[in-house]
Amino acid sequence: SKEENNDLEEIKYKLIVIGDENVGKTAILNRFKNNQFSAIYEPTVGLDFQSIPIVIDEQSVTLLLYDTAGQEKFKSLIPLYTNEANIILLIYDISNIDSFNNIGKWYDSLNNINKEEVIFALVGNKSDLDYNRKVKKEEAEKYANDHHYIFQEVSALTGEGIQELFLNKLIDQIRTQFIQRGNNMTDQEE
C-alpha cells in the first residue's frame, strides 16, 4: 500500500523534452534552469536529468527535467524515458522545416503513455533566427491548437519566451490539469 506521508512537499512532475537532433532541447532546459546558454553544441547521449523546485499557489513542486537524445540511434529508447511523464515538450527549430514535420513522428513514438493525462507543449526554438524562418508561426500555432498543445516560440540563445513557457503557460496548465485534480507522479500506480 502507498505510504500516506507524501505530503504537499512531495509533489513531482516529470517533464521531458523530445525532438530532432540539434533543435536545442538541452539549450532550452539550461536557459530555464540556469539562465545560461552555451554556444558549444554537444549532443545529448541517451538521457540527462536535472530537477528544479518551483512554487505554485504556495505549494512546493519539483519539476524533474529529462533531456533526451535527438539522434536517430537513440530513438528506440524514448519509451523508456517517457514512462510516467507528466509534461512533454515537443521541440522543433523554426529555421528547420524537417524538425517541425517530424513532430508527429515523435508524438507517435510515445505509445507507452496515457496521452490524455499528459500536458503537451509544442515549442519552436531559435526564434532569434526569424530572418531564416522556415516554419510560419501561424502554421505551428494552428497545429498546436488542433492537437490541444500549449504553444510557444522561444530562443534559448536570448532567453526570449522561456519564462513565458515555463513559468506562465506550463504552470497555468499544471494548476488546472494536475493540482486542482490532485494528479502527480506519485499517484500513477498501475
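In helix H1, which spans residues 25–34, the buried residues are Lys25, Ala27, Ile28, Leu29, Arg31 and Phe32. The model is predicted, and the questions below walk through some of its other parts.

Me: Which residue just after H1 takes a positive phi?
Reply: Helix H1 covers residues 25–34. Just past H1 there is a residue whose phi is positive, about 50 degrees, and that residue is Asn35.

Me: How many residues of strand E4 are buried?
Reply: Strand E4 runs over residues 87–93. In a regular strand the side chains alternate between the two faces of the sheet. One side of E4 carries Ile87, Leu89, Ile91 and Asp93, the other carries Ile88, Leu90 and Tyr92, and all of these are buried. E4 is therefore largely enclosed by the rest of the structure, and the number of buried residues is seven of the seven.

Me: Which residue of E5 stands opposite Ile88?
Reply: Strand E5 (residues 119–125) pairs with E4 in the parallel sense, over seven bridges. Across from Ile88 in this pairing stands Phe120.

Me: Which residue stands opposite Ile87 in E4?
Reply: E4 also runs parallel to strand E1 (residues 11–19), with five bridges joining them. The residue opposite Ile87 is Leu15.

Me: Is Asp93 buried or exposed?
Reply: Here the cut-off matters: buried means under 20% relative accessible area. Asp93 has a relative accessibility of 5%, so Asp93 counts as buried.

Me: How many residues apart in sequence are the parts tied together by Asp93 and Lys126?
Reply: Side chains of opposite charge can pair when their charged atoms come close. Asp93 and Lys126 meet in a salt bridge, at 3.3 Å from N to O. Asp93 belongs to strand E4, while Lys126 sits in the loop between E5 and helix H5 (137–146), so the parts this pair ties together are apart in sequence by 33 residues.

Me: What separates Asp146 and Lys142 in helix H5?
Reply: The side chains of Asp146 and Lys142 form a salt bridge of 2.7 Å, N to O. Because they are four residues apart in helix H5, their separation is about one helical turn.

Me: Which residue is linked with Asp172 and Arg175 in a network of salt bridges?
Reply: Arg175 and Asp172 lie three residues apart in helix H6 (residues 162–179). Their closest N and O atoms are 2.9 Å apart, in a salt bridge. The network of salt bridges that links Asp172 and Arg175 also includes Asp57.

Conventions:
Residues numbered from 1 in each chain as written. Predicted model: local features only at pLDDT ≥ 70, side-chain atom pairs only at ≥ 80, totals over all residues. Heavy atoms only, no water. Buried < 20%, exposed > 50% of the residue type's maximum accessible area, 1.4 Å probe, protein only. Helix = DSSP H or I, 4+ residues; strand = E, 2+ residues; numbered from the N terminus. Pairing = 2+ DSSP bridges. Salt bridge = Lys/Arg side-chain N within 4 Å of Asp/Glu carboxyl O.
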